[in-house]
Amino acid sequence: MEDVYVEEFMSQGCVGCPAVKAMLEEFANEFQGRLIVEEVDIAVDAVRAAQYGIMTVPAVAINGTLKFMGIPSRTDLRNAILEEMKEP
């Protein structure tokens with residue numbers, strides 16, 4: 001299985017961001033080090049957010065590809081991570 005790098009785009013005061021963060025923390029624990037999560041505050045790193053075309057938070061990029069804007073379902077987020085973990 002391949003390691004997966006997740007960028008969690010958020011901002012202060014974002015109502016949905018804690019829900020996404022909690023899901024990612026749960027998955028990071030489940031996949032025991034195979035999931036690398038970086039929290040990106042769009043106010044601090046606006047350039048990176050603009051590179052992805054992020055218009056709203058929360059947003060999630062997986063292995064360099066924007067996958068979700070808004071709060072994904074737990075199942076959709078987990079499946080997207082698992083898809084990236086598959087061997088090529």
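This is a predicted model: local features need pLDDT of at least 70, side-chain atom pairs count only at pLDDT 80 or more; totals for chains, interfaces and linings use all residues.

Student: Okay, so which residue does Glu 26 form a salt bridge with?

Tutor: Arg 74 is the partner, and the closest N and O atoms are 2.1 Å apart. Arg 74 lies in helix H3 and Glu 26 in helix H1, so this bridge ties together parts that are 48 residues apart in sequence.

Student: How many salt bridges does the count come to?

Tutor: Nine salt bridges. One of them joins the side chains of Arg 48 and Asp 45, at 3.0 Å from N to O.

Student: Why does Arg 48 count as buried?

Tutor: Its relative accessibility is 17%, and the cut-off for buried is under 20%. Asp 45 comes out at 25%, so Asp 45 is partly exposed.

Student: Which residues do salt bridges with shared partners join into one network?

Tutor: Glu 7, Glu 38, Asp 45 and Arg 48.

Student: Switching topic: how many aromatic pairs does a search of the whole structure find?

Tutor: Two. In one of them, the ring centres of Phe 9 and Tyr 52 are 5.3 Å apart and the planes sit at 65°, so that pair is edge-to-face. Phe 9 is in strand E1 (residues 4–10) and Tyr 52 is in helix H2 (residues 46–52), so to speak a link between distant parts of the chain, 43 residues apart. Both Phe 9 and Tyr 52 are buried.

Student: What about the rings of Phe 27 and Phe 31?

Tutor: Their centres are 6.5 Å apart and their planes are at 40°, so the pair is tilted. Phe 27 and Phe 31 are both buried.

Student: Now the greasy part. How many residues does the largest nonpolar core have?

Tutor: It has 15 residues, and Phe 27 turns up again among those with the most contacts inside it, along with Val 6, Leu 35, Val 60, Ile 62, Leu 77 and Ile 81. The elements giving two or more residues to this core are E1, helix H1 (17–30), strand E3 (59–62) and helix H3 (74–85).

Student: What is Leu 77 in contact with, leaving aside its neighbours within four places in sequence?

Tutor: Met 23, Leu 24, Phe 27, Val 60, Phe 68 and Pro 72. There's also a second, separate core of eleven residues, which includes Cys 14, Val 40, Ala 49 and Ala 61.

Student: Ala 61, okay. Which residue in E4 does Ala 61 stand opposite?

Tutor: Leu 66. E3 and E4 pair in the antiparallel sense, over four bridges.

Student: And how many residues are between the strands in that hairpin?

Tutor: Two, and in this hairpin Asn 63 takes a positive phi near 50°.

Note on methods:
Residues are numbered from 1 along each chain as its sequence is written. Side-chain values use heavy atoms; hydrogens and water are left out. Rings of Phe, Tyr and Trp (its six-membered ring) pair if their centres lie within 6.5 Å; planes under 30 degrees apart count as stacked, over 60 as edge-to-face and the rest as tilted. Buried means under 20% relative accessible area, exposed over 50%, partly exposed in between (1.4 Å probe, protein chains only). A nonpolar core is a set of buried Ala, Val, Leu, Ile, Met, Phe, Trp, Tyr and Cys residues joined through side-chain atoms within 4.5 Å. Contact means heavy atoms within 4.5 Å. A salt bridge is a side-chain nitrogen of Lys or Arg within 4 Å of a carboxyl oxygen of Asp or Glu. Two strands pair if DSSP finds at least two bridges between them.
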